Amino acid sequence: MTTTNEAHLIRSNRKFAKCFDDGDLSHLPAKKYAIVTCMDCRIDAYSAFGITPGDAHVIRNAGGSARDALRSLVISQQLLQTTEVFIIKHTHCGMQGLTNDAVNATVVKNLGPEALAELDAVHCNKFDWLPFADLKQGIKDDVAFLKSSRAISRSVHVSGWIYDVETGKVNRVEK
């Protein structure tokens with residue numbers, strides 16, 4: 001049985017495919033940068049950040065976490081030639097103010113302790129949901145993490161930004 005959302009995906013993709021003409025784009029991002037941003041459904045990364053398919057890598061995860069994106073960033077830089085990273089977190093983020101204990105309690109309540117144990121095992125340690133208390137500090141911490149990471153080339157430029165979900169504007173976060 002096809003769900004309503006699956007049916008929407010199929011219809012939308014058929015319409016998209018009829019006009020699709022980007023099949024010849026390179027797998028290397030033309031503008032040579034990667035954006036790490038949140039998975040929040042209010043963020044249209046392509047429109048908000050002025051990119052089109054083929055321009056840049058857009059790596060999304062809960063909270064726009066650089067730590068969570070590290071694997072993808074290494075691939076982006078080492079294999080796909082990007083030389084710059086924008087960390088773009090946003091206002092009114094659900095990860096801001098959360099605690100690991102609160103998320104863990106929800107997982108245990110809804111899925112059982114085995115689910116949390118599996119997450120811990122996959123990460124060879126106590127699972128970190130990577131919440132942050134302060135938006136600007138969270139961005140500064142992520143920028144500092146990437147700049148100090150041995151997995152990121154020292155030649156890579158890293159900057160931090162706040163996207164305001166109410167105005168659509170971005171503002172740079174200075175050191």
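Modeller: Let's start with α4, whose buried residues are Val-103, Asn-104 and Val-107. They sit on the same side of α4 because they cover an arc of only 100° around the axis, the arc being that of the directions from the helix axis to the C-beta atoms. In general, an α-helix has 3.6 residues a turn, so residues three or four places apart point the same way. Buried here means under 20% relative accessible area, exposed means over 50%, and partly exposed is in between (1.4 Å probe, protein chains only).

Before going further, a word on the model: it is predicted, local features need pLDDT of at least 70, side-chain atom pairs count only at pLDDT 80 or more, and totals for chains, interfaces and linings use all residues. Residues are numbered from 1 along each chain as its sequence is written, and side-chain values use heavy atoms, with hydrogens and water left out.

Back to α4. On the other side of the helix, Asp-101 and Lys-109 are exposed. The buried residues pack against α5 (113-122), with contact meaning heavy atoms within 4.5 Å. Helices (H or I, at least four residues) and strands (E, at least two) are DSSP runs, numbered from the N terminus. Helix α4 spans residues 100-111, twelve residues, and its first and last C-alphas are 16 Å apart, close to the 16 Å expected at 1.5 Å a residue; that expected span is 1.5 Å times one less than the number of residues. After α4 comes Gly-112, with a positive phi near 95°.

His-92 lies between β3 and α4, and has a positive phi of about 55° although it is not a glycine. Tyr-163 is 71 residues away from His-92 in sequence, yet their C-alphas are 9.8 Å apart in space. Tyr-163 belongs to strand β4 (residues 157-163) and counts as buried, at 8% relative accessibility. Leaving aside neighbours within four places in sequence, Tyr-163 has contacts that include Ile-88, Lys-89, His-90 and Thr-91, and also Ile-43 and Phe-49.

Thr-37, in strand β1 (residues 33-38), is buried, with a relative accessible area of 0%. With neighbours within four places again left aside, the contacts of Thr-37 include Ile-43, Phe-49 and Ile-88.

At the other end of β3, Gln-81 lies in the loop between α3 (66-78) and β3 (84-90). Gln-81 has a positive phi of about 70° without being a glycine, and is partly exposed at 41% relative accessible area.

Last, the pockets. A pocket is an open set of points on a 1 Å grid over the protein atoms alone, where a 1.4 Å probe fits, with protein on both sides within 12 Å along at least five of seven lines; lining residues have an atom within 4 Å of a point. The largest pocket holds about 280 Å³ of space, where grid points are joined across faces, edges and corners and volume is the space filled by probe spheres set on the points. Its lining includes Met-95, His-123, Phe-127 and Trp-129. The second largest pocket holds about 220 Å³. Of its 16 lining residues, Pro-131, Phe-132, Gly-138, Asp-141 and Asp-142 are the closest to its centre. Helix α6 (residues 135-148) gives the largest share of that lining, five residues.
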